[in-house]
Amino acid sequence: FAPWSDPNAKPLISFENITKRFGDAVAVDNLSLNIFEGEFFCLLGPSGCGKTTLMRMLAGFEQPTAGRITLAGQDLAGVPPYRRPVNMMFQSYALFPHMSVEKNIAFGLKQDGLPKAEITSRVEEMLRLVQLERLAKRYPSQLSGGQRQRVALARALAKRPKLLLLDEPLGALDKKLREATQFELMDIQHELGMTFVVVTHDQEEAMTMADRIAVMDQGHLAQVATPGEIYEQPKTRFIAEFVGDVNILEGNVMGQENGLWRVQTPSADAPLTIDDPDEVLHSGQAVAIAVRPEKMVIQRDPPGPNARNVLTGEVWDIGYLGDWTVYRVKLASGAILRVTRANASRFVENPIDWDEQVYVTFAPNAAVILAE
Ligand code: ATP
């Protein structure tokens with residue numbers, strides 16, 4: 001399933017040169033984007049980057065200042081929200097206060113005139129999904145914020161719309177429930193063949209759920225790609241730093257040798273060797289080398305004379321996370337690296353300790369070069 005890489009595939013949703021201004025402020029700036037049927041699509045970005053505004057234009061609650069949005073080829077200009085085949089679950093859930101949980105979930109189904117037995121079975125299914133079976137008779141005022149959010153989610157999903165927009169759908173849930181619900185949402189979306197567009201500022205959530213992620217930065221699209229591409233091949237420093245943890249080593253390009261870039265950096269004695277053949281760089285150019293923490297290796301013993309990309313420093317602190325241990329290593333240049341190591345067994349003999357002198361290395365193909 002990868003319609004975005006098929007040049008003949010017709011998008012379900014198409015934003016064409018969309019700009020949205022509020023007075024002098026530009027919330028969305030000449031943005032073009034295609035979303036395909038059956039996709040689980042995430043809009044990811046920091047607060048204020050324009051994610052919600054983009055969704056509200058799709059749902060019809062805001063009009064673009066310029067540009068065109070089409071849905072299945074139809075221009076949406078002038079089509080009111082209730083005429084658009086789009087369902088939206090809002091950040092503020094807008095539950096009916098005078099209706100019980102089950103009545104809230106059933107509401108849209110009743111309006112659509114579904115048979116009673118079908119409504120009952122769908123409501124039960126949804127209550128199970130969001131783990132609220134025991135609270136079916138309660139009213140919204142008797143629920144916690146997280147529970148209300150689950151009711152809103154159940155209500156939005158119950159109608160099985162072809163296209164569902166979700167604005168921070170899991171924001172009020174605790175970590176465990178959020179993670180479980182992420183997989184439930186993926187299962188539902190997959191089973192029902194729905195198209196999901198989810199707004200989130202939580203990069204882990206986007207990485208887990210999305211087929212593709214659009215990273216937004218100040219009204220622009222910084223990158224649109226699969227989670228793997230975004231993580232492994234971030235296009236800019238902003239993306240590398242926003243999605244996941246990363247070490248940035250600043251330096252200058254010295255040239256190319258056997259197809260590998262040589263980069264001089266104050267963080268290492270010898271020039272770095274980086275395998276990033278797609279980059280077009282020139283000698284002297286300032287660049288940032290991005291290396292993910294799990295792609296760095298930390299060791300006590302000096303690496304052999306042929307080792308590449310050797311950084312020396314001392315252990316500044318150690319964080320034990322159960323599945324991982326995080327080492328922060330201070331280099332002579334003052335830079336602090338973050339290096340993670342998977343805890344593959346329960347006991348480590350003679351573990352690396354605070355204040356120890358250590359060597360950190362990484363392979364030439366573990367790093368990405370980002371032009372500054
Ligand atoms: P958050 O994650 O905080 O909801 P966001 O990425 O969804 O942020 P938007 O809500 O789309 O961001 O807002 C983008 C920009 O447009 C912000 O600078 C915001 O202040 C501005 N903005 C949004 N709606 C309005 C409005 N109705 N009037 C004026 N400015 C607005």
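Me: What do β4 and β5 form, and which residue in the turn has a positive phi?

Reply: β4 and β5 form a hairpin with two residues between them, and Ala 72 in the turn has a positive phi of about 50 degrees. A word on the model: it is predicted, so local features need pLDDT of at least 70 and side-chain atom pairs count only at pLDDT 80 or more, while totals for chains, interfaces and linings use all residues. Residues are numbered from 1 along each chain as its sequence is written.

Me: What makes β4 and β5 strands that pair?

Reply: A strand is a DSSP run of E with at least two residues, and a helix is a run of H or I with at least four, both numbered from the N terminus. Two strands pair if DSSP finds at least two bridges between them. β4 and β5 (residues 74–75) have two bridges, in the antiparallel sense, so they meet that definition. Leu 71 stands opposite Gln 74 in β5.

Me: Which residue stands opposite Ile 13 in β4?

Reply: That is Leu 71. Strand β1 (residues 13–22) and β4 (residues 66–71) are antiparallel and joined over five bridges.

Me: Why is Ala 225 called partly exposed?

Reply: A residue is buried with 20 or more other C-beta atoms within 10 Å of its own, exposed with 12 or fewer, and partly exposed in between; C-beta atoms are placed from the backbone. Ala 225 has 19 such neighbours, so it counts as partly exposed. Ala 225 belongs to strand β10 (residues 220–225).

Me: Which residues does Ala 225 touch, leaving out those up to four places away in sequence?

Reply: They are Arg 212, Ile 213 and Ile 230. Contact here is C-beta atoms, placed from the backbone, within 7 Å. Between the C-alpha atoms of Ala 225 and Arg 212, 13 residues apart along the chain, there are 5.3 Å.

Me: What makes β13 and β20 edge strands?

Reply: In the open sheet of five strands, the order is β13-β12-β11-β14-β20, with antiparallel pairing. β13 (272–274) and β20 (367–371) each pair on one side only. Inside this sheet, β11 (residues 247–257) and β12 (residues 260–264) pair over five bridges, and Val 263 in β12 is the bridge partner of Val 253.

Me: Which residues are around the ligand?

Reply: Among them are Phe 22, Gly 45, Lys 51 and His 201; a residue is near a molecule if its C-beta atom, placed from the backbone, lies within 6 Å of it. The largest share of this shell, three residues, comes from α1.

Conventions
Contact = placed C-beta atoms within 7 Å.
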